[in-house]
Amino acid sequence: MIYLIAALKGLVLILLLLFTFAYLTWGMRRGLARFQIRLGPNRVGPLGLLQPIADAVKAIFKEDISVANADKFVYWLAPLISFTFALAAFAIIPLGPKGSIFGIDPWVADLNVGILYLFAAAELATYGIFLSGWASGSKYSLLGGLRSAAGLVGYELALGVALLGPVLMVGSLNLRDIVDWQAQHGWLALWQLPVFIVYFIAALAEMGRTPFDFVEAEQELVGGFSTEYNSMKFVSFYMAELLHWITASALIPTLFMAGWHAPFGLPEIPILWLFIKWLVFIFIVMWIWASWFRTRYDVLIRFAWGVLFPVALAWFLLTAYWVASRGGAA
Amino acid sequence: MSVYSLAKALGITLKHMFSKPVTIPYPSAPVPLKPRFHGRHVLTRHPDGLEKCIGCSLCAAACPAYAIYVEPAENDPENPVSAGERYAKVYEINMLRCIFCGLCEEACPTGAIVLGNEFELADYVYADLVYGKEDLLADTVGSKAQRREAKQTGKPVKLGFEVPYVRPELEGVKYE
Amino acid sequence: MSAFDLLMGVLLIASALAAVTLKNAVHAGLALVANFLSLAVVYFALEAQFLGWIQIIVYAGAVMVLFLFVIMLLFDAKADVGLDRLPWMRPLAAALAAAFFLALAYAFSGVGPVNPLADVKLGGGLPKALGGLLYGNWLYTVLLVAALLFAATVAAVSLVQPQIRKARVKPQVLERDRELEEVGK
Amino acid sequence: MSYYLLLSALLFAIGLYGVLARRTAILIFMSIELMLNSANLALVSFARSSGNLEGQVMALLVIALAAAEVAVGLGIIVAVFRSRESTSVDDLAEFRG
């Protein structure tokens, strides 16, 4: 019975995420257009609201071409991996308190080691990009794939070490505990400001968004890892990319901004507050996307090892000293 | 690269976000044209109705794309077509060759050929893009394709631009 | 032994066999990733949650990405493993491996079956339970491993950067040297 | 005899076969990882059958060691490839003595 409920919740969550993805493509294109003083898609339906449906129809009916030079098995496997693990990470984000949605817990899984799960999902998701780069049998794709792996080595460490401080303060790897701790003691973004910034920058790299979108890099790599993909296989890569964005925008408030709890003593409504915080981060990422340039990937690696990692490590040691001097986590 | 310039970039895009989009949704909204726009040619007339073109072929000589073909004929003194001795019996411009440079306008001694404002010239058949006198004279509004469509639907020709100024050389041309 | 145990066993052995027999190096690497992932699931079943996640993060995530990265960097696009120069090695290796397996199986035969769940006090293998041990009895071992990791990092960095000194010589100079050498011949 | 110990022994044997039969340094290296993992599996199942967490601690340390080993090993492979344009162990025979 437990498994059935979890499966149903997972299904609902997947559908929700796919719906969010569809309308994020619309919102993203409209939003980016406004940043560039354009209008964006507005022809299909009122305000262009039916655009995602038109896009979906187009993608489905497009001819599915495989490259002759490709490694068939891996070529098919890569989008699947990318898409699956991009979906997986959202499963442990709590959207509200226990039993708040019609008596059902608003999360799919409540893991004691939630943060480890997040890292696992994030790392496995890079395999999709990495393998597609190799399997396409094209040098642009291969370069894109290698860049993604090289970048991963750079930012993943900073991402992990940045979370050590918060985990040490809260004394738990469970996301629910982290959220509840923040409701009592205040936002971790304030307690742990330096690593919050480090985490945000590393998360940008993990999403593959500007300024770290060198994996795709249309101008020099013709689309990078996804050059040789089209039709639904391309869409699943695109989905994975946007799902990373969706997940990270929900994860950062959960980890650092008290998740679903209301800020400033406002009335608590499950989902609503997380949704608002989510929108804020979606907007910030889009804003950065519209404003900044792309870095080279060696710049990211140097930045990650030379700035992000030392800052995160120093802050972790500081937090460890502070927690130890208080005699353990709160 | 500095934090300041990154912040400045963010500020610029944010400012742009709250300014009015520059996009013109063209087919549903008219395009405001610039005063020096080079559109489809017009053969203008004198106020008394006589054609300005005297069939001298200077425009054809000036045309770098060899798009103009003029065949002159003597005017009937009783019933003149143009103000001069001769008039253009045939005046054709191949719109597929024309590069809209305006040299014909420069070369014309009588100011007969003027590059007007129309630009919606797309058509299906090659031959339809060779514009004759009847398509170019001042009282004709719209391209061949537009006029064909207007004839089929029974509505007046719909032009996709606004004329925000008066050009004196476009004598007698009315864009409604 | 449940159906789950059997399934995981089959997955483990099949992916391991694929990893050592597949011709294409990237495919072999992927089989190894599958092996590590199923091993992580086995760890979960054996009440070693933390270890299972670490297995996924470190092995499947970091180590195998490095492996595949090097494979893609060094091999050509198809990454086929070259010709076997010692064809008689294969059956011999199989025979040796089989003998080793029998020896191990004999050595393990005295060990009893896995205890039923009731009388196990592993605490699910969560970090809380592990931490006490890791930073208690095993503290010095952990420190030694940390020192080793640090040494390995330094070694890896210095290993792959030996040509920096060479690169300081200007390419034009190298070219001139090469030409002089050719003239000398 | 425990089922997981049997699996562990089998994995170790497969890894041994890989080490002996493969000719490419990276693939030999991957087989060694397989053997390390089989040892880990044995440790974890010992921990499970004796109700003692120390086996898991040892497995954790082995994973950390493996990470160090991979860093150095791949570094060596890349360095050798740079000077020799090959990753086959047969081409490295002149390293002996």
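## Basis

The model is predicted: local features need pLDDT of at least 70, side-chain atom pairs count only at pLDDT 80 or more, and totals for chains, interfaces and linings use all residues. Residues are numbered from 1 along each chain as its sequence is written, chains are lettered from A and ligands numbered from 1 in the order in which they are written, and side-chain values use heavy atoms, without hydrogens and water.

## Chains

Contact means heavy atoms within 4.5 Å. Chain B does not touch chain C; their nearest C-alpha atoms are 27 Å apart. Chain B does not touch chain D either, with nearest C-alpha atoms 33 Å apart.

Chain C has eight helices and zero strands. Helices (H or I, at least four residues) and strands (E, at least two) are DSSP runs, numbered from the N terminus. Along the sequence the pattern of chain C reads α-α-α-α-α-α-α-α. Chain C has 185 residues, and 38% of them count as buried. Buried means under 20% relative accessible area, exposed over 50%, and partly exposed in between (1.4 Å probe, protein chains only). Among contacts in chain C with a separation of 6 or more, 59% join residues 24 or more positions apart.

## Domains of chain A

Chain A splits into domain 1 (1-61) and domain 2 (65-325). These bounds come from an automatic or database domain assignment. The domain centres, taken over C-alpha atoms, are 20 Å apart. Domain 1 of chain A gives 18 residues to the contact, and domain 2 gives 24 residues.

## Helix packing

Two packed helices are described by the angle between their axes and the distance between the axes. Axes are lines fitted to C-alpha atoms, for helices over the stretch in contact, and angles run from 0 to 180 degrees between N-to-C directions. Angles under 35 degrees count as roughly parallel, over 145 as roughly antiparallel, 65 to 115 as roughly perpendicular and the rest as oblique.

In chain A, the axes of H3 (residues 72-88) and H10 (residues 231-256) come within 8 Å and cross at roughly 25°. H3(A) is therefore roughly parallel to H10(A). The contact of H3(A) with H10(A) has eleven nonpolar, four polar and one charged residues. Ala, Val, Leu, Ile, Met, Phe, Trp, Tyr, Cys and Pro count as nonpolar, Asp, Glu, Lys and Arg as charged, and the others, Gly among them, as polar.

In chain D, the axes of H1 (residues 3-21) and H2 (residues 25-50) come within 8 Å and cross at roughly 165°. H1(D) and H2(D) are therefore roughly antiparallel. The contact of H1(D) with H2(D) has 15 nonpolar, six polar and no charged residues.

## Buried loop residues of chain A

A:Asn174 sits in the loop between H5 (139-170) and H6 (175-185) of chain A. A:Asn174 is buried, at 7% relative accessible area. Beyond its neighbours within four places in sequence, A:Asn174 contacts A:Asp110, A:Leu111 and A:Asn112.

A:Trp260 lies in the loop between H10 and H11 (272-291) of chain A. A:Trp260 is buried too, at 8% relative accessibility. Not counting residues up to four places away in sequence, A:Trp260 touches several residues, including A:Pro94, A:Val179, A:Glu268 and A:Trp273. The C-alpha atoms of A:Trp260 and A:Leu272 are separated by 7.4 Å, with the two residues twelve apart along the chain.
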